[in-house]
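Open the model in your viewer and keep the selection tool ready. Each stop names what to pick and what to look for.

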Amino acid sequence: MTFTQEMRRTGREPSSRTLTRVIRPSTTAEAVSLGIPPRQPVVHLRRLRRADGQPIALESVVLIGACADAVMTADLTHGSLHDTLGRAGFVLAHGTATISAAASTAADARLLAIRAGDPLLVERRVIVDQDGRRIESTESRYPADRYALDVRFDVEGSGVPAAETP
């Protein structure tokens with residue numbers, strides 16, 4: 001579920017303030033994450049995500065260069081990045097994520113209206129399309145007192161196929 005969908009599901013109005021939207025060469029780490037050659041063009045999008053005007057997340061997205069035409073002209077203040085990608089023919093299928101904790105930096109604190117050192121939930125994810133091609137690598141930083149991540153998982157050895165779990 002996208003941030004936009006999740007906020008609407010909970011009755012909140014999502015919005016974003018774009019902090020960075022550029023096409024630039026990938027770093028080595030970004031190239032590895034996306035499975036592309038180093039220095040390949042990528043779209044870097046950094047946004048302050050809000051719900052009902054309250055800062056909820058700092059999101060830093062790196063997309064493969066093929067997404068540039070769609071993303072560079074999209075209205076991402078009230079629109080969804082994933083909807084934009086879908087309209088451009090990028091059918092996102094699934095992803096993997098790692099969730100950790102971190103202390104907020106001074107820059108995080110200023111943008112999220114919290115104190116430096118306050119706890120954050122940090123989610124790093126990679127999303128692939130229907131062909132298994134890595135499209136997006138994202139880091140989202142959430143104030144721990146404003147956000148929770150719901151996680152669905154399968155219990156190994158339970159004998160119940162994943163499709164039959166509630």
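With which residue does Arg-8 form a salt bridge? Select Glu-13: in this predicted model, the closest N and O atoms of Arg-8 and Glu-13 are 4.0 Å apart. Colour the pair by accessibility. Arg-8 is partly exposed, at 46%. Glu-13 is also partly exposed, at 44%.

Next, select Arg-24 and Glu-30. Their side chains meet in a salt bridge, 2.8 Å from N to O. Is Glu-30 buried or exposed? Glu-30 counts as buried because its relative accessibility is 16%, under the 20% cut-off. Arg-24, at 22%, counts as partly exposed.

Move to Ala-93. This residue lies in strand S4, which spans residues 92-103. Ala-93 is partly exposed, with 49% relative accessibility. Show its contacts beyond four places in sequence: Val-128, Asp-129 and Gln-130. Now pick the C-alpha atoms of Ala-93 and Asp-131. They sit 38 residues apart along the chain, yet 8.4 Å separates them.

Stay with Asp-129, one of the residues Ala-93 touches. Asp-129 forms a salt bridge with Arg-133, and their closest N and O atoms are 3.1 Å apart. Asp-129 is buried, with a relative accessible area of 5%. Arg-133 is partly exposed, at 40%.

For the last stop, select Arg-47, Arg-49, Glu-59, Glu-123, Arg-125 and Glu-136 together. Salt bridges link these residues in a network. How many salt bridges does the structure hold? The count is 13.

Note on methods. Residues numbered from 1 in each chain as written. Predicted model: local features only at pLDDT ≥ 70, side-chain atom pairs only at ≥ 80, totals over all residues. Heavy atoms only, no water. Helix = DSSP H or I, 4+ residues; strand = E, 2+ residues; numbered from the N terminus. Buried < 20%, exposed > 50% of the residue type's maximum accessible area, 1.4 Å probe, protein only. Contact = heavy atoms within 4.5 Å.
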